[in-house]
Amino acid sequence: MENMASPDVCIRKVTEQEVHDAWLIGSLSFPSDETASEERCKFRQREAPDLFWGYYESGKLISITHGTRTLKNELTHESMYTNDPEGTVVCVHSLCTHPEHRGKGVATALMKHLIQHVRDNLVNVTKICLLCHDFLVAFYESVGFQCLGLSQVTFGQMPWYNMVCNIQTDK
Ligand SMILES: CC(C)(COP(=O)(O)OP(=O)(O)OC[C@H]1O[C@@H](n2cnc3c(N)ncnc32)[C@H](O)[C@@H]1OP(=O)(O)O)[C@@H](O)C(=O)NCCC(=O)NCCS
């Protein structure tokens with residue numbers, strides 16, 4: 001568990017028992033055709049627990065991120081419901097903060113933590129990929145991603161942009 005600047009704040013992995021709370025934050029945050037089902041959240045926590053992180057304030061989960069690994073070179077539709085433990089690419093499928101706690105740097109801290117965790121611990125991972133809408137490109141650039149343009153992946157109503165964060169290999 002990592003203690004943040006305030007003793008009431010920490011970033012740590014989300015446990016199996018907390019997946020329901022994590023899913024609830026997602027369902028409050030995404031349109032219904034973009035949000036992951038509770039079953040899919042459970043799958044990701046079970047198969048890729050070291051990519052399922054939460055930001056906690058006074059013990060309460062307020063922001064989450066989860067993902068999977070793939071042997072493909074980019075985030076594909078298939079990567080949303082599969083996980084290859086040997087995958088060299090981390091695909092982040094969700095990042096969201098409870099609506100009452102937004103705009104305070106929580107998601108920034110969580111995403112930076114995830115990037116550092118991947119750099120320090122996930123041997124063989126060469127990059128982190130995610131999809132976002134146009135209005136969040138600048139946000140992800142601010143934490144170290146580059147925009148590679150429009151993705152081929154389609155779901156929901158709006159187009160998705162491919163974002164990539166390269167992981168240094170001198171680890
Ligand atoms: C995007 C999200 C995760 C940011 O969480 P957060 O804890 O508020 O993030 P931070 O406080 O670290 O950073 C907030 C920054 O996000 C960006 N941002 C968030 N929503 C935005 C929007 N609708 N349009 C443009 N920028 C936005 C801004 O750069 C903002 O900075 P500002 O507060 O200085 O304007 C949160 O708004 C959320 O859960 N949104 C709904 C789910 C979602 O779209 N997730 C991203 C999936 S790709």
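# Contacts, burial and ligand shell

Me: Which residues does Glu 38 touch, not counting those up to four places away in sequence?

Reply: Glu 38 touches His 20 and Trp 23, once residues up to four places away in sequence are left out. Please note that this is a predicted model.

Me: Where is Glu 38 found?

Reply: Glu 38 is found in helix α2.

Me: Buried, exposed or partly exposed, for Glu 38?

Reply: Glu 38 is partly exposed, because 15 other C-beta atoms lie within 10 Å, and a residue needs 20 or more to be buried.

Me: And how far is Glu 38 from Cys 147?

Reply: From C-alpha to C-alpha, Glu 38 and Cys 147 are 29 Å apart in space. In sequence, 109 residues separate the pair.

Me: Trp 23 came up. Which residues of helix α1 are buried?

Reply: Helix α1 spans residues 19–29, and its buried residues are Val 19, Ala 22, Trp 23, Ile 25 and Gly 26. They are on the same side of α1, because they cover an arc of only 155° around the axis.

Me: Why would residues three or four places apart point the same way?

Reply: An α-helix has 3.6 residues a turn, so residues at that spacing point the same way.

Me: What covers the buried residues of α1?

Reply: The cover includes helix α2 (38–47) and the strands β3 (53–57), β4 (60–70) and β5.

Me: Changing topic: how many residues surround the ligand, and which are the closest?

Reply: The ligand is surrounded by 17 residues, of which the closest are Cys 96, Thr 97, Arg 102, Ala 107 and Thr 108. Two elements, β5 (89–97) and α3 (106–121), each give two or more residues to this shell.

Me: How do the residues of that shell divide into nonpolar, polar and charged?

Reply: Nine are nonpolar, six are polar and two are charged.

Me: Now the backbone. What is the phi of Ser 58?

Reply: Ser 58 is not a glycine, yet its phi is positive, at about 50°. Ser 58 sits in the loop between β3 and β4. With 10 other C-beta atoms within 10 Å, Ser 58 is exposed.

Me: What about the phi of Asn 124?

Reply: Asn 124, also not a glycine, has a positive phi of about 85°. The loop that holds Asn 124 lies between α3 and β6 (127–132). Asn 124 is exposed, because 12 other C-beta atoms lie within 10 Å, and 12 or fewer count as exposed.

Me: Zooming out: how many helices and strands does the chain have?

Reply: The chain comes to four helices and eight strands. Their order from the N terminus is β-β-α-α-β-β-β-α-β-α-β-β.

Me: What share of the contacts comes from residues 24 or more positions apart?

Reply: Such residues account for 59% of the contacts with a separation of 6 or more.

Me: Last one: which domain does UniProt list?

Reply: The unreviewed UniProt entry lists "domain: N-acetyltransferase" for residues 9–168. Over that range the chain is 27% helix and 29% strand, and the end C-alpha atoms are 28 Å apart.

Definitions and conventions
Residues numbered from 1 in each chain as written. Predicted model: local features only at pLDDT ≥ 70, side-chain atom pairs only at ≥ 80, totals over all residues. Near = placed C-beta within 6 Å. Nonpolar A, V, L, I, M, F, W, Y, C, P; charged D, E, K, R; others polar. Arc of directions from axis to C-beta. Contact = placed C-beta atoms within 7 Å. UniProt positions renumbered as here; feature names shortened; annotations may be inferred.
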